[in-house]
Amino acid sequence: MGGGVGMSVRAYLSQRKRRSWDQVFFAQNDQASDWFDLPYWRKGVSGSGCGLVCYTMAVNMLAGTSHTPRTMYELRGGSQGCWMGSDLTASSTIGQLEEPPLTHREFSQRHFGLTMGTLRNLDFGPTEQTKRAAVDECLDKLRKGLCKGRVYFITRGGGDCFKNARDQWEYHERHYVLLYRFDPRTGTYFIHDPSGDTPQAIALHQAVPYSEDDMRRVLGFRTMAIGWMAKDA
(Lines give C-alpha, C1' and ligand atoms only; values in the text may rest on other atoms or scores of the structure.)
Protein backbone atom coordinates (compact mmCIF):
# COMPACT_ATOMS: atom_id res chain seq x y z
CA MET A 1 0.00 0.00 0.00
CA GLY A 2 1.89 3.08 1.24
CA GLY A 3 5.32 1.61 0.53
CA GLY A 4 4.32 0.97 -3.08
CA VAL A 5 4.27 4.65 -4.04
CA GLY A 6 6.92 5.29 -6.70
CA MET A 7 9.44 8.10 -6.27
CA SER A 8 11.71 9.85 -8.79
CA VAL A 9 15.23 11.04 -8.03
CA ARG A 10 13.94 14.61 -7.80
CA ALA A 11 11.18 13.55 -5.39
CA TYR A 12 13.68 11.59 -3.31
CA LEU A 13 16.01 14.57 -2.96
CA SER A 14 13.02 16.71 -1.97
CA GLN A 15 12.02 14.09 0.58
CA ARG A 16 15.52 14.16 2.09
CA LYS A 17 15.23 17.92 2.46
CA ARG A 18 11.86 17.54 4.19
CA ARG A 19 13.42 15.36 6.88
CA SER A 20 14.67 18.62 8.40
CA TRP A 21 11.02 19.29 9.20
CA ASP A 22 11.38 16.66 11.92
CA GLN A 23 13.12 19.40 13.94
CA VAL A 24 10.50 22.12 13.30
CA PHE A 25 8.50 21.53 16.46
CA PHE A 26 6.78 23.36 19.31
CA ALA A 27 4.67 22.15 22.24
CA GLN A 28 1.66 24.21 23.26
CA ASN A 29 2.22 23.75 27.00
CA ASP A 30 6.01 23.80 27.08
CA GLN A 31 6.58 25.29 30.53
CA ALA A 32 9.96 26.69 29.46
CA SER A 33 8.37 28.70 26.64
CA ASP A 34 7.00 32.26 26.56
CA TRP A 35 3.68 31.28 25.00
CA PHE A 36 2.11 28.51 27.12
CA ASP A 37 0.41 30.94 29.52
CA LEU A 38 -0.89 33.41 26.90
CA PRO A 39 -4.68 34.01 27.03
CA TYR A 40 -6.31 32.13 24.16
CA TRP A 41 -9.79 30.75 23.60
CA ARG A 42 -11.09 28.95 26.72
CA LYS A 43 -7.99 27.48 28.35
CA GLY A 44 -5.13 29.66 27.11
CA VAL A 45 -2.47 28.49 24.66
CA SER A 46 -1.43 25.62 26.96
CA GLY A 47 -4.93 24.14 26.95
CA SER A 48 -6.46 25.36 23.68
CA GLY A 49 -3.53 26.36 21.48
CA CYS A 50 -2.88 23.16 19.52
CA GLY A 51 -4.23 24.77 16.33
CA LEU A 52 -2.06 27.86 16.78
CA VAL A 53 1.04 25.73 17.36
CA CYS A 54 0.38 23.42 14.40
CA TYR A 55 -0.22 26.44 12.17
CA THR A 56 3.09 27.99 13.29
CA MET A 57 5.00 24.79 12.55
CA ALA A 58 3.37 24.46 9.12
CA VAL A 59 4.20 28.05 8.13
CA ASN A 60 7.82 27.65 9.22
CA MET A 61 8.14 24.43 7.19
CA LEU A 62 6.63 25.75 3.99
CA ALA A 63 7.65 29.41 4.05
CA GLY A 64 11.05 29.04 5.71
CA THR A 65 10.14 31.48 8.48
CA SER A 66 11.26 31.27 12.10
CA HIS A 67 8.09 32.18 13.97
CA THR A 68 7.32 30.87 17.43
CA PRO A 69 3.76 30.35 18.67
CA ARG A 70 4.11 33.67 20.50
CA THR A 71 5.21 35.70 17.45
CA MET A 72 2.47 34.08 15.36
CA TYR A 73 -0.03 34.80 18.13
CA GLU A 74 0.98 38.46 18.07
CA LEU A 75 0.94 38.63 14.28
CA ARG A 76 -2.60 37.24 14.23
CA GLY A 77 -3.87 39.77 16.76
CA GLY A 78 -3.37 37.97 20.06
CA SER A 79 -6.40 36.88 22.05
CA GLN A 80 -8.60 39.19 19.92
CA GLY A 81 -7.65 37.43 16.69
CA CYS A 82 -9.65 34.60 15.20
CA TRP A 83 -9.49 31.24 16.92
CA MET A 84 -6.81 29.24 15.17
CA GLY A 85 -8.44 25.88 15.78
CA SER A 86 -11.63 25.95 13.72
CA ASP A 87 -10.12 28.03 10.99
CA LEU A 88 -7.52 25.41 10.12
CA THR A 89 -10.23 23.18 8.71
CA ALA A 90 -13.05 25.62 8.04
CA SER A 91 -11.45 29.01 7.16
CA SER A 92 -14.20 30.89 9.00
CA THR A 93 -13.61 33.86 11.29
CA ILE A 94 -14.47 33.28 14.94
CA GLY A 95 -15.77 36.04 17.19
CA GLN A 96 -17.94 39.12 16.83
CA LEU A 97 -15.30 41.76 16.13
CA GLU A 98 -16.20 45.04 14.41
CA GLU A 99 -13.28 44.53 12.04
CA PRO A 100 -12.75 40.77 11.94
CA PRO A 101 -9.25 39.57 11.07
CA LEU A 102 -8.39 37.81 7.85
CA THR A 103 -9.30 34.16 7.72
CA HIS A 104 -6.32 31.82 7.89
CA ARG A 105 -6.64 31.18 4.16
CA GLU A 106 -6.42 34.89 3.33
CA PHE A 107 -3.80 35.55 5.97
CA SER A 108 -1.60 32.68 4.81
CA GLN A 109 -1.66 33.79 1.19
CA ARG A 110 -1.08 37.46 1.94
CA HIS A 111 1.76 37.07 4.46
CA PHE A 112 3.47 33.83 3.45
CA GLY A 113 2.44 32.88 -0.09
CA LEU A 114 0.71 29.73 1.15
CA THR A 115 -2.56 28.15 0.09
CA MET A 116 -4.98 26.40 2.46
CA GLY A 117 -7.82 24.03 1.71
CA THR A 118 -9.81 21.15 3.18
CA LEU A 119 -10.46 17.47 2.60
CA ARG A 120 -14.04 16.37 3.05
CA ASN A 121 -14.91 14.65 6.28
CA LEU A 122 -14.90 10.92 5.70
CA ASP A 123 -18.27 9.57 4.56
CA PHE A 124 -18.10 6.03 5.84
CA GLY A 125 -21.51 4.85 4.69
CA PRO A 126 -23.51 2.05 6.32
CA THR A 127 -21.10 -0.89 6.01
CA GLU A 128 -17.56 -1.85 6.96
CA GLN A 129 -16.76 -2.20 3.26
CA THR A 130 -17.72 1.40 2.49
CA LYS A 131 -15.78 2.55 5.56
CA ARG A 132 -12.63 0.78 4.36
CA ALA A 133 -13.09 2.29 0.89
CA ALA A 134 -13.39 5.79 2.37
CA VAL A 135 -10.23 5.32 4.47
CA ASP A 136 -8.36 3.92 1.44
CA GLU A 137 -9.36 6.96 -0.62
CA CYS A 138 -8.31 9.37 2.12
CA LEU A 139 -4.94 7.64 2.63
CA ASP A 140 -4.27 7.82 -1.11
CA LYS A 141 -4.96 11.57 -1.10
CA LEU A 142 -2.75 12.10 1.94
CA ARG A 143 0.17 10.14 0.46
CA LYS A 144 0.03 12.02 -2.83
CA GLY A 145 -0.26 15.38 -1.10
CA LEU A 146 2.58 14.71 1.34
CA CYS A 147 4.89 13.60 -1.49
CA LYS A 148 4.14 16.91 -3.24
CA GLY A 149 5.03 18.88 -0.11
CA ARG A 150 1.64 19.53 1.46
CA VAL A 151 1.13 19.35 5.22
CA TYR A 152 -2.14 18.40 6.94
CA PHE A 153 -3.99 19.52 10.07
CA ILE A 154 -5.93 16.58 11.50
CA THR A 155 -8.56 16.79 14.23
CA ARG A 156 -11.73 15.26 15.55
CA GLY A 157 -14.24 16.48 18.11
CA GLY A 158 -15.57 14.34 20.92
CA GLY A 159 -12.42 12.39 21.75
CA ASP A 160 -9.23 12.14 19.68
CA CYS A 161 -6.84 9.23 19.73
CA PHE A 162 -3.22 9.82 18.70
CA LYS A 163 -0.12 7.86 19.65
CA ASN A 164 3.24 8.91 21.03
CA ALA A 165 6.73 7.66 20.22
CA ARG A 166 6.30 4.75 22.66
CA ASP A 167 3.37 3.43 20.63
CA GLN A 168 1.04 4.43 23.45
CA TRP A 169 -2.34 5.81 22.33
CA GLU A 170 -3.48 8.99 24.07
CA TYR A 171 -6.95 10.48 24.20
CA HIS A 172 -7.83 14.17 24.06
CA GLU A 173 -11.10 16.06 24.33
CA ARG A 174 -10.36 17.77 21.01
CA HIS A 175 -6.94 18.11 19.49
CA TYR A 176 -4.97 19.10 16.39
CA VAL A 177 -1.86 17.32 15.15
CA LEU A 178 0.28 18.11 12.11
CA LEU A 179 0.86 15.38 9.51
CA TYR A 180 3.87 16.67 7.59
CA ARG A 181 5.90 13.88 5.96
CA PHE A 182 5.56 10.49 4.29
CA ASP A 183 8.45 8.12 3.52
CA PRO A 184 7.43 6.08 0.44
CA ARG A 185 10.28 3.61 0.90
CA THR A 186 9.02 2.42 4.29
CA GLY A 187 5.36 3.48 4.09
CA THR A 188 5.83 5.59 7.26
CA TYR A 189 3.93 8.80 8.06
CA PHE A 190 5.27 11.41 10.48
CA ILE A 191 3.18 13.51 12.85
CA HIS A 192 4.02 16.38 15.19
CA ASP A 193 1.69 16.36 18.20
CA PRO A 194 1.93 19.66 20.16
CA SER A 195 0.90 18.10 23.49
CA GLY A 196 3.39 17.48 26.29
CA ASP A 197 4.78 19.78 28.99
CA THR A 198 8.10 18.43 30.30
CA PRO A 199 11.13 17.86 28.03
CA GLN A 200 10.61 14.11 28.31
CA ALA A 201 6.92 14.32 27.41
CA ILE A 202 7.58 16.76 24.56
CA ALA A 203 10.15 14.40 23.02
CA LEU A 204 7.52 11.65 22.84
CA HIS A 205 5.30 13.80 20.62
CA GLN A 206 7.85 15.10 18.12
CA ALA A 207 8.26 13.40 14.71
CA VAL A 208 6.14 10.43 15.77
CA PRO A 209 6.26 7.63 13.15
CA TYR A 210 2.91 6.17 12.11
CA SER A 211 2.50 2.95 10.16
CA GLU A 212 -0.32 2.56 7.68
CA ASP A 213 -2.26 0.59 10.31
CA ASP A 214 -1.76 3.51 12.71
CA MET A 215 -3.12 5.94 10.12
CA ARG A 216 -6.09 3.68 9.48
CA ARG A 217 -6.86 3.73 13.18
CA VAL A 218 -6.72 7.54 13.26
CA LEU A 219 -8.79 7.93 10.10
CA GLY A 220 -11.33 5.41 11.40
CA PHE A 221 -12.98 8.07 13.55
CA ARG A 222 -16.28 9.06 11.98
CA THR A 223 -16.03 12.83 12.53
CA MET A 224 -12.45 13.31 11.30
CA ALA A 225 -11.68 16.71 9.75
CA ILE A 226 -8.56 17.42 7.69
CA GLY A 227 -7.19 20.73 6.44
CA TRP A 228 -4.10 21.21 4.28
CA MET A 229 -1.49 23.85 3.52
CA ALA A 230 0.95 24.13 0.61
CA LYS A 231 3.08 26.67 -1.20
CA ASP A 232 1.15 28.68 -3.79
CA ALA A 233 1.48 27.21 -7.25
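D183 is buried at 7% relative accessibility (buried means under 20% relative accessible area, exposed over 50%, partly exposed in between, with a 1.4 Å probe and protein chains only). Its salt-bridge partner is R185, at 3.3 Å from N to O (a salt bridge is a side-chain nitrogen of Lys or Arg within 4 Å of a carboxyl oxygen of Asp or Glu). R185 is partly exposed, with a relative accessible area of 47%. Salt bridges with shared partners also link D136, R143, E212 and R216 into one network.

The model is predicted: local features need pLDDT of at least 70, side-chain atom pairs count only at pLDDT 80 or more, and totals for chains, interfaces and linings use all residues. Residues are numbered from 1 along each chain as its sequence is written, and side-chain values use heavy atoms, with hydrogens and water left out.

Side chains of opposite charge can pair when their charged atoms come close. The whole structure contains ten salt bridges. K163 takes part in a bridge with D214, at 3.0 Å from N to O. K163 lies in strand 2 (residues 151-163) and D214 in helix 9, so this pair ties together parts that are 51 residues apart in sequence. Helices (H or I, at least four residues) and strands (E, at least two) are DSSP runs, numbered from the N terminus. K163 is buried, with a relative accessible area of 5%. D214 is buried as well, at 13% relative accessibility. K163 also forms a salt bridge with D167, where the closest N and O atoms are 2.6 Å apart.

D167 sits in the loop between strand 2 and strand 3. The residue is exposed, with a relative accessible area of 51%. Most residues other than glycine have a negative phi, and most peptide bonds are trans. D167 is not a glycine, yet has a positive phi of about 65 degrees. A207, also not a glycine, has a positive phi of about 50 degrees. A207 is located in the loop between helix 8 (199-203) and strand 5. A207 is buried, at 19% relative accessible area.

Helix 9 also packs against helix 7. Two packed helices are described by the angle between their axes and the distance between the axes. The axes of helix 7 (residues 128-147) and helix 9 (residues 212-219) come within 10 Å and cross at roughly 120 degrees. Axes are lines fitted to C-alpha atoms, for helices over the stretch in contact, and angles run from 0 to 180 degrees between N-to-C directions. In helix 7, V135, D136, C138, L139, L142 and R143 meet E212, M215, R216 and L219 of helix 9 (contact means heavy atoms within 4.5 Å). The residues of this contact divide into six nonpolar, no polar and four charged (Ala, Val, Leu, Ile, Met, Phe, Trp, Tyr, Cys and Pro count as nonpolar, Asp, Glu, Lys and Arg as charged, and the others, Gly among them, as polar).

Five aromatic pairs are present. Rings of Phe, Tyr and Trp (its six-membered ring) pair if their centres lie within 6.5 Å; planes under 30 degrees apart count as stacked, over 60 as edge-to-face and the rest as tilted. The rings of Y40 and Y73 have centres 6.3 Å apart and planes at 50 degrees, so the pair is tilted. Both Y40 and Y73 are buried. W169 and Y210 form an edge-to-face pair, 6.2 Å centre to centre, with 80 degrees between the planes.
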